[in-house]
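Please keep the sequence and the model in view while reading the numbered points.

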Amino acid sequence: MESTRIDLKTVVSHAKEYGFVFPATEIYDGLSAVYDYGQLGVLLKNKIKAYWWASMVQLHENVVGIDSAIFMHPTTWKASGHVDAFSDPLIDNKDSKKRYRADVLVEDYVQKIEGKIQKEITKANKRFGEAFDEPQFRQTNPRVLANQSKIDSIQERLSQALNKEDYQALKQLIEELEISCPVSGSKNWTDVRQFNLMFDTEIGALADGSSKIYLRPETAQGIFVNFLNVQKTSRQKLPFGIAQIGKAFRNEIIARQFIFRMREFEQMEMQFFVKPGEEIGWYEYWKEQRFKWHLSLGFEASNYRFHDHIKLAHYANAACDIEFNFPFGFKELEGIHSRTDFDLTSHQTHSGKNLKAFDAESNESFVPYVVETSVGVDRLFLAVFSRALQQQKLPDGTQRVVLQLPEFLSPYQLAIFPLVKKDGLPELARTFFEELKYDFSCVFDAKDSIGKRYRRQDAIGTPFCITIDHDSLNDNKVTLRNRDTMQQERVSLDQLKQKLNSAVLIKEALKRL
Ligand code: ATP
C-alpha cells in the first residue's frame, strides 16, 4: 500500500472533524493558542499520559510521582529565575502589527536554507540511486557546502546575540538577512524587546490584601519545592526521581502551528536527583532512555533526532532536545537538561530551609544535582497524531484515510459491528460488547455498510474491528479485521481476547521498552 503523509492543515481539520481537538471556546470565535480535546482526543491524550507515567513511575523503583498545585508561593518564581529571566525576544512588524519571536524569525529563515539542502539531497538520491552516499555528498557538493556555511554563520551570530542578550545585534541580523513579515511582506520592524511569558493573577479577596501570583509556566518547580517532603516520606536515597504531569501556562508571543505552541498546555516532567559529579553520566542515561521511549511508539527512527543546545539556560551545564519531524519540519518535542544544583540551592537561599541530601556512604550532606526530562503532552499528541495520519492508495485503486496510531494508544481498541440490524445479530453483537468492555475500550456501530464502518474506524485509528454475521449465531465466531493490513480472519471469543491482549495493552508496550 502506498502511503502519503498529510499536511498540517488537513491534520487540523481531521482532528476537529473526528472529535480529537477543537478550537477552545469556538462559539465565541475561539481563543488564540488554546484548544479543547474532544471525545476521542481525551482518550488518546489520557493513554499517552498513562504510558509515560507507567514507564517512569511504575517501571523505575527509584522514581515516584506527585501532583502539585498550579498556584505556588510567588517567591518560587523569584528563586527559579522566571520573574527576571523567563522572557522571549519580541519584535513587531509596523505594517501588519503582527508580533513575532525574533529568534524564531531567524530560525525559520535557517529552516528554509535547510530545505534547499534537503532538496539537493533528494535530487541526488534519485539520480545516484543505491550508490548514493549522503555524508560524502554533504561534504563535497558546492551548493550544499555554501548553504551549510551560511547556516553555521547565522546560527553562530544568533547564539551570540542570545547569549549576550544583545537585542540590537539580533535586529541587525534580521535586517541583514532581509527577513520580511510573513503577513505584510514588509521589512519595517520595531526594535527587539524582552517579553515575560508568565501569566499573573491575584490571590485572595482584594479587600484583605491580595497579592500577585503566577500561573506556573512549568511543572518542575512544584517538584523542587516538594523535594524535602518526598525525600523524608518516600525513604528514597539518591539517585532518585520525582515525576509529575500537569498544566503549565505561557503567554507565548506567537500562536501558530496548532497544538505545538499553546498558551495553556500540559507537561510531563521528571527531575532526577543525583550526587554532584554524577550528573553527566545520568544525563546520558536519561537521553538514551527517553529516545528509546519515543522509538517504542513504533514510528521510524528517522523521525527523531537529538539537537544539542548551543545556548545553555542559566541553570544548565548540558542540554539537548529530542526533535521530531512534524508536518512543518524538525522541532523540539522533549527537552533533557542537566540543571546542576541551581534550583535547589536557590530555593534553599530564598526559603531558608535546608534542601540537602545526606549520603550515608560518604557521610556527607550536599544539595543534589538534577537531571530533568520534560516533554509536552500536547506536542507528543501532535507528533503521534500527525505521523499516524496517512492517505493510502489501496491495491484496488481506491483511497483511504487511516490513522495508524500505536495500537495501545488508540482511543478505541475494538469496534463491534452486527452485519445487519436484524435476525438477532445486534443482540449477539451486544453480548460481545458486554463481555469485552471491562478489558478493552470498545465502540459499537450498527449504522451504514460494513465498508463505511471500516473507513470510519480507520479514520479514528481503531486497530481492530469485529463483525458478527449469521454464521456467528451458530459457531459464535466473528470476523476480525486488522486496520493496517486490512486482512480478515475468523476467530472465537478466546482467540480474539488473546489477540487483543498482546496488541493493545499498555502492559505489552511497557515490556518491549
Ligand atoms: P520552545 O523552545 O519550543 O518554546 P522550550 O524550550 O521553552 O520550548 P521547555 O521549557 O524545555 O520548552 O519545556 C519542555 C517541553 O514542554 C517542551 O519540549 C515542549 O514539549 C513543551 N512545551 C513548552 N512550551 C510549550 C507550549 N507553549 N505549548 C505546548 N508545549 C510546550
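1. Basis of the model. The model is predicted: local features need pLDDT of at least 70, side-chain atom pairs count only at pLDDT 80 or more, and totals for chains, interfaces and linings use all residues. Residues are numbered from 1 along each chain as its sequence is written, and side-chain values use heavy atoms, with hydrogens and water left out.

2. Domains. The protein is divided into domain 1 (1-71 + 204-402), domain 2 (87-196) and domain 3 (405-511); such bounds come from an automatic or database domain assignment. Taken over C-alpha atoms, the centres of domain 2 and domain 3 are separated by 49 Å.

3. The seven-stranded sheet. Seven strands make up an open sheet with mixed pairing, in the order β4-β10-β11-β17-β14-β13-β12. Because β4 (63-66) and β12 (304-308) stand at the edges with a single partner strand each, one side of each is left without a neighbour in the sheet. From one strand to the next, the twist averages 25°. Here helices (H or I, at least four residues) and strands (E, at least two) are DSSP runs, numbered from the N terminus, and two strands pair if DSSP finds at least two bridges between them.

4. Strands β11 (residues 264-274) and β17 (residues 369-376) run antiparallel and are joined by eight bridges. Within this pair, Q267 stands opposite G376 in β17. Helix α10 (residues 227-234) packs on the sheet and touches β4, β10 (240-249) and β11, its direction making about 140° with that of β10. Contact means heavy atoms within 4.5 Å; axes are lines fitted to C-alpha atoms, for helices over the stretch in contact, and angles run from 0 to 180 degrees between N-to-C directions.

5. The three-stranded sheet. A further open sheet has three strands in the order β1-β18-β19, with antiparallel pairing. β1 and β19 are the edge strands, each pairing on one side only. The twist in this sheet averages 30° from one strand to the next. Helix α13 packs on the sheet, where α13 touches β1, β18 and β19, and its direction makes about 5° with that of β18.

6. Pairing along β18. Four bridges link β1 (residues 2-5) with β18 (residues 389-393), and S3 stands opposite Q392 in β18. Five bridges link β18 with β19 (residues 399-403), where Q392 stands opposite R400. The hairpin of β18 and β19 has five residues between the strands, and G397 in this hairpin takes a positive phi near 90°.

7. Packing of α1 on α13. Helices α1 (residues 8-17) and α13 (residues 377-388) pack at an angle of about 100°, with their axes 10 Å apart. That angle makes α1 roughly perpendicular to α13; angles under 35 degrees count as roughly parallel, over 145 as roughly antiparallel, 65 to 115 as roughly perpendicular and the rest as oblique. V11, H14 and A15 in α1 meet L382, F385 and S386 in α13. The residues of this contact divide into four nonpolar, two polar and no charged. Ala, Val, Leu, Ile, Met, Phe, Trp, Tyr, Cys and Pro count as nonpolar, Asp, Glu, Lys and Arg as charged, and the others, Gly among them, as polar.

8. R379. Leaving aside neighbours within four places in sequence, R379 is in contact with I259, F260, R261, F326, E332 and L333. The C-alpha atoms of R379 and E266, 113 residues apart along the chain, are separated by 9.1 Å.

9. Helices α15 and α16. In α15 (residues 450-460) the buried residues are I450, R453, Y454, Q457, D458, A459 and I460. Just after α15, G461 takes a positive phi of about 85°. N474 has its place in α16 (residues 470-475) and counts as exposed, at 71% relative accessibility. N474 and K447 are 27 residues apart along the chain, and their C-alpha atoms are separated by 23 Å.

How values were computed: Buried < 20%, exposed > 50% of the residue type's maximum accessible area, 1.4 Å probe, protein only.
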